[in-house]
Amino acid sequence: MIMADLDKLYEAVLGGKLEPAVAVTNEAISEGADPQSIINEHMIPAMEEIGKRFEQGSAFVPNLLMSARAMKGCLDILKPLMAGSETASKGKIVIGTVKGDLHDIGKNLVAAMLEGCGFEVVNIGVDVPREKFVDALKESKADILCMSALLTTTMSYMKDVVDAIVESGLRDCVKIMVGGAPLNENFARSIGADGYSTNANGAVVLAKSLMNA
Ligand code: B1M
């Protein structure tokens, strides 16, 4: 039975309060709460709400940063607990957020879930230019490239990356999957990606199907 007050976790992430957020997360975990449910039912809704307030003008960039810091602090605790028991690699994945875009919480969550489900993940960070994606693919010989974008102004850069991969001659060796809040299936298809998912669980399902795993 979970005694930790997970409403307080929602409030702490929303209010950008790192210490209380971490304290409730630790308490919930020690009582056996499921890490994925903590993230999906309490932390992501808090990030959605702070985003909504930002849009409405009642929250500002510092608020977004503080909420992000609180969420990251909790994810650092939860990530190791999401590691799966599978030992054989299901495939190698390069993941990054495209050039001009600094959002990395969702991308890191996708990376953690993929790792937890048996993929080897090379996380190349945020604000990644097309050349860096290509270099990472060459170096790692990855099976899949996973790109993230959270801004309507940066999602179009995904097409530049796909073009760079075609130009480098690697397109036939790598599957490309994309995701991030402003994207949709049609957009993914229009830029020549092999798949799109709306969330981290979906990314795992997609990666498995692209690998026939
Ligand atoms: Co930004 N921001 N932000 N921000 N920020 C958004 C995205 C925004 C929607 C807020 C809003 O107005 N409601 C808005 C974008 C509007 C638009 O383009 N349509 C916005 C804006 C405008 C901006 C700035 C321009 C603000 C400014 O400076 N004036 C600026 C841009 C900076 C830049 O990138 N160049 C900016 C800055 C920031 C911070 C740095 C302060 C901070 C990010 C900190 C960080 O990531 N380290 C931040 C934050 C925190 C947000 C919100 C509030 C939360 C994002 C988040 O972490 N969500 C966001 C509002 C919102 O999302 N509701 C917002 C939680 C996370 C778990 O979800 O990232 O969606 P998400 O990831 C999901 C799915 O999208 C999917 O799975 C994930 C897990 O389920 N997914 C994938 C993501 N990548 C995937 C890849 C895949 C598959 C699935 O591959 C297959």
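Visitor: Where does His-103 lie?
Guide: His-103 sits in the loop between strand 1 (92-97) and helix 5 (105-116). Keep in mind that this is a predicted model.

Visitor: And what is the only protein donor of the cobalt atom of the ligand?
Guide: That is His-103, through its NE2 atom. The distance is 2.2 Å.

Visitor: Let's zoom out. How many helices and strands are in the protein chain?
Guide: Nine helices and five strands.

Visitor: In what order do the elements run from the N terminus on?
Guide: The order is α-α-α-α-β-α-β-α-β-α-β-α-β-α.

Visitor: What share of the residues is buried?
Guide: Buried residues make up 47% of the 213. The accessible surface of the protein chain is about 10600 Å². Carbon and sulfur atoms account for 54% of that surface.

Visitor: Back to strand 1. Is Thr-97 buried or exposed?
Guide: Thr-97, which lies in strand 1, is buried because its relative accessible area is 1%, where buried means under 20%.

Visitor: Which residues is Thr-97 in contact with, leaving aside neighbours within four places in sequence?
Guide: Among them are His-103, Asp-104 and Lys-107. So the cobalt donor is one of the contacts of this buried threonine. Others include Gly-125, Val-126, Phe-133 and Ser-148.

Visitor: New topic. Where is Leu-137 found?
Guide: Leu-137 is in helix 6, residues 130-140. Leu-137 is buried too, with a relative accessible area of 5%.

Visitor: What does Leu-137 touch, not counting residues up to four places away in sequence?
Guide: Val-94, Ala-142, Leu-145, Ile-165, Leu-170 and Val-174.

Visitor: How far is Leu-137 from Lys-92?
Guide: They are 45 residues apart in sequence. In space, the distance is 9.8 Å, C-alpha to C-alpha.

Visitor: What about contacts across the chain: how many join residues at least 24 apart?
Guide: Among contacts between residues at least 6 apart in sequence, 73% do.

Visitor: Last one, on charges. How far apart are the mean positions of the positive and negative charges?
Guide: They are 4 Å apart, for 20 positive and 28 negative charges in the protein chain.

Methods
Residues are numbered from 1 along each chain as its sequence is written. This is a predicted model: local features need pLDDT of at least 70, side-chain atom pairs count only at pLDDT 80 or more; totals for chains, interfaces and linings use all residues. Side-chain values use heavy atoms; hydrogens and water are left out. Donors are N, O and S atoms within 2.8 Å of the metal (3.2 Å for Na, K and Ca); water is not among the atoms, so sites may look incomplete. Helices (H or I, at least four residues) and strands (E, at least two) are DSSP runs, numbered from the N terminus. Buried means under 20% relative accessible area, exposed over 50%, partly exposed in between (1.4 Å probe, protein chains only). Contact means heavy atoms within 4.5 Å. Accessible areas come from the Shrake-Rupley method with a 1.4 Å probe; for residues, only the protein chains shown count as cover. Lys and Arg count as positive and Asp and Glu as negative; His and the chain ends are not counted. The place of a charge is taken as NZ of Lys, CZ of Arg, CG of Asp or CD of Glu.
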